[in-house]
Amino acid sequence: MTNLPTRLLRPFRPNRPIRRYPGRNEPVHYPPSSGGPTRYIPAAGKLAPPPEDARPPRRAVESQPRLGTGAGRPAFLGDPFFGPALAGVALILWVVGLHPIPPSEIGGMGLVAELSIPTLLSYPVLVAAVVLELLRYTPRTWFLSAYTLLGVVFVYGLQPAVEQVARLPVGWLHVGFADYIATHGDILHNYDARFSWAGFFSLVAMITKAAGIPDAVPLLNWAPVVLSGLMVLGVRALAVSALGNRRASWIAPWLFLAADWTEQDYFSPQAVAMVLLLAALTLTFRHLIRPRLTESVKARLRARLAPRSSPKARLVAQGAVVLIGIALSFTHQLTPFLLGALLLLLLLFGRLWPAWLPFLVLGAAVVWFSLGASEFWSGQLIQMILSPFGDVSSSVDEGIVNRFAGGTGHLIVLVVRVAVTLFVLALGAAGIWLMRRDALRSWLLPVLCLAPFGIAVAQPYGGEVFMRCFLYSLPIVALPAAIALERAATSARRMRWHNRPGRTIALAAIPWVVLTGLIASTVTARGGNDAYTSFTRSDIAAATWAVEQAQPGQRVDSLVNSVPLSFMRVGEVSQYEVDGYCTRLDQLDPLVGCIRESGPDYLVLTGPQLAYLKIFDGVPADYGDRLVKGLEGTGLYRLAFSDDGSLVLARTVPAEDNVQGSGGGTG
């Protein structure tokens with residue numbers, strides 16, 4: 001099959017004869033300027049002012065709409081600096097409205113209830129600047145890039161800007177893993193499953209050693225901004241590769257930015273793996289598939305078309321995708337299998353040019369899982385084999401049903417998360433319907449959108465399964481969803497203001513309302529757990545003191561996993577949660593008796609832990625004071641450290657060491 005030449009590689013046409021004007025060519029003599037504009041230039045002959053009776057009517061000039069008067073468009077909407085001015089106002093509002101928010105002031109609704117009005121107003125103002133730029137005849141790339149950067153800072157930099165220290169105890173735990181590798185030059189065997197995929201921790205250990213800093217704690221606070229910014233950049237590149245350089249390729253990264261409530265962009269292996277996944281998909285969509293996802297051409301597996309890229313570009317892209325697949329294989333347990341599955345779907349639908357690529361990526365993941373991660377599956381191989389495949393009910397129970405617990409405010413946050421997920425999926429379905437109405441024949445794009453949800457069928461993966469599924473599918477779902485919003489913006493841009501101003505405003509308001517609503521929902525959902533996942537400096541000081549005072553082999557526990565303990569001395573000091581071996585934390589007498597029998601050498605009590613128990617167990621406000629008095633009354637514990645409400649109780653006799661911890665979050 002002979003491929004048609006592309007637009008850039010099309011052979012030059014033979015020179016055509018120049019058609020000259022048939023009349024007589026005479027030099028043009030310009031009269032002295034009269035000060036007025038020249039409206040008509042004759043095709044040939046001398047240039048002279050036309051007589052009064054031959055002059056054109058004034059309608060030729062006045063037919064253009066006058067900005068700001070009559071039935072024309074308002075002047076401020078056509079001003080090229082109005083959008084940047086709105087973005088500047090949004091930045092000023094966001095900065096002026098920021099103020100420190102301690103965890104003790106955060107309730108069940110989370111961080112959004114404590115934000116100031118100027119900060120809340122900055123989001124719709126910034127989105128208005130983005131929509132106005134998209135409505136221009138030629139959107140300006142530099143301005144849209146600046147607006148997107150501001151959006152990343154506004155959404156993902158909100159918690160780092162208003163909270164004292166980095167949040168999320170799992171991020172602090174990853175600092176401890178990287179510190180152990182930097183100190184000992186090896187992983188801690190048979191300790192945690194995440195050490196079986198230690199690529200991220202090894203990279204962080206190398207960076208900290210090269211930079212000469214003691215640990216990775218300085219990287220924690222603003223890691224979400226950097227990693228989310230790279231994800232948004234990856235979605236932008238993915239959209240350009242799949243859709244071309246159009247308005248939808250700018251709407252897609254904004255949809256990802258506005259709808260990513262999953263909060264999987266903290267200091268973690270899955271965040272880095274997500275960036276690498278987007279890079280691999282971008283290279284594949286740009287250099288290794290033909291036709292593109294949006295082209296209405298039916299492809300075949302046995303008659304695949306060579307991509308339009310040059311052989312050199314295809315070779316470089318294939319090598320880069322292979323290297324990314326190998327890097328993912330020892331960085332994260334799910335992402336390399338997802339990448340291989342997406343590549344395999346592209347091959348089965350006849351789009352992927354190198355047929356061997358998905359098998360090489362999957363092979364690297366399987367080899368590392370079999371050899372490098374043997375400590376993970378060696379102790380639970382029989383359980384993994386006997387676990388039911390396709391147990392969707394277990395995934396639904398752990399990922400959705402069991403999470404609907406706590407007070408009214410927390411339940412509202414959970415409903416917002418589910419609503420955002422369903423709305424984005426529905427918007428993507430609307431975009432696919434519009435594309436199929438325009439003669440898109442292939443089912444590849446909807447299959448790619450739903451493919452990540454197969455993780456819930458293949459492996460339950462704990463309570464975060466649907467969160468991960470939505471995160472993996474969001475960059476692909478954003479492509480048809482962006483096309484749906486692009487239709488509204490394009491229709492508004494093509495309509496005449498003086499004919500139907502109300503309909504024009506309504507169409508232009510659709511992307512503004514959607515993006516503003518998604519950003520408001522995401523800010524609410526991302527900060528919904530901040531009452532017990534954000535910390536103060538006194539919390540860090542109490543945890544640091546307890547871990548430093550403990551002798552090797554001693555235990556340092558907390559009531560729940562709402563305090564960072566394992567960011568130092570990993571493997572030397574045992575660190576657990578009381579809710580792992582005491583069943584009822586809401587009843588003080590049984591809890592005091594359980595801690596008396598199986599309690600730790602040091603018990604760390606902080607405000608976020610008490611907030612967790614208030615939200616989920618409904619404990620009273622004086623719960624912490626009564627617990628401290630009850631433990632001191634046993635004579636086995638004494639108050640050893642106190643700093644602004646953060647306490648450490650030390651045991652007077654050594655604790656038993658036969659307690660199994662409750663585990664932690666998955667990486």
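## Salt bridges

This predicted model holds 12 salt bridges, found by a search of the whole structure.

Asp 265 pairs with Arg 526, with 3.1 Å between the closest N and O atoms. The link spans distant parts of the chain, the partners being 261 residues apart. Asp 265 sits in the loop between helix 10 (248-259) and helix 11. Arg 526 belongs to helix 22 (residues 501-526). Asp 265 has a relative accessible area of 1%, so it counts as buried. Arg 526 is buried too, at 3%.

Arg 555 forms a salt bridge with Asp 557. Their closest N and O atoms lie 2.8 Å apart. Both residues are buried.

Arg 569 bridges to Glu 572, the closest N and O atoms being 3.3 Å apart. Arg 569 is buried, because its relative accessible area of 18% falls under the 20% cut-off. Glu 572, at 39% relative accessibility, is partly exposed. Elsewhere, shared partners join Glu 163, Arg 167, Glu 263 and Asp 530 into one salt-bridge network.

## Helix 8

Helix 8 covers residues 199-211, 13 residues in total. From first to last C-alpha it reaches 18 Å, close to the 18 Å expected at 1.5 Å a residue. Gly 212 follows helix 8 and has a positive phi, near 75°.

Which residues of helix 8 are buried? They are Gly 199, Phe 200, Phe 201, Val 204, Ala 205 and Thr 208. These buried residues pack against helix 7 (169-184) and helix 11 (269-287).

Methods: Residues are numbered from 1 along each chain as its sequence is written. This is a predicted model: local features need pLDDT of at least 70, side-chain atom pairs count only at pLDDT 80 or more; totals for chains, interfaces and linings use all residues. Side-chain values use heavy atoms; hydrogens and water are left out. Helices (H or I, at least four residues) and strands (E, at least two) are DSSP runs, numbered from the N terminus. The expected span of a helix is 1.5 Å times one less than its number of residues. Buried means under 20% relative accessible area, exposed over 50%, partly exposed in between (1.4 Å probe, protein chains only). Contact means heavy atoms within 4.5 Å. A salt bridge is a side-chain nitrogen of Lys or Arg within 4 Å of a carboxyl oxygen of Asp or Glu.
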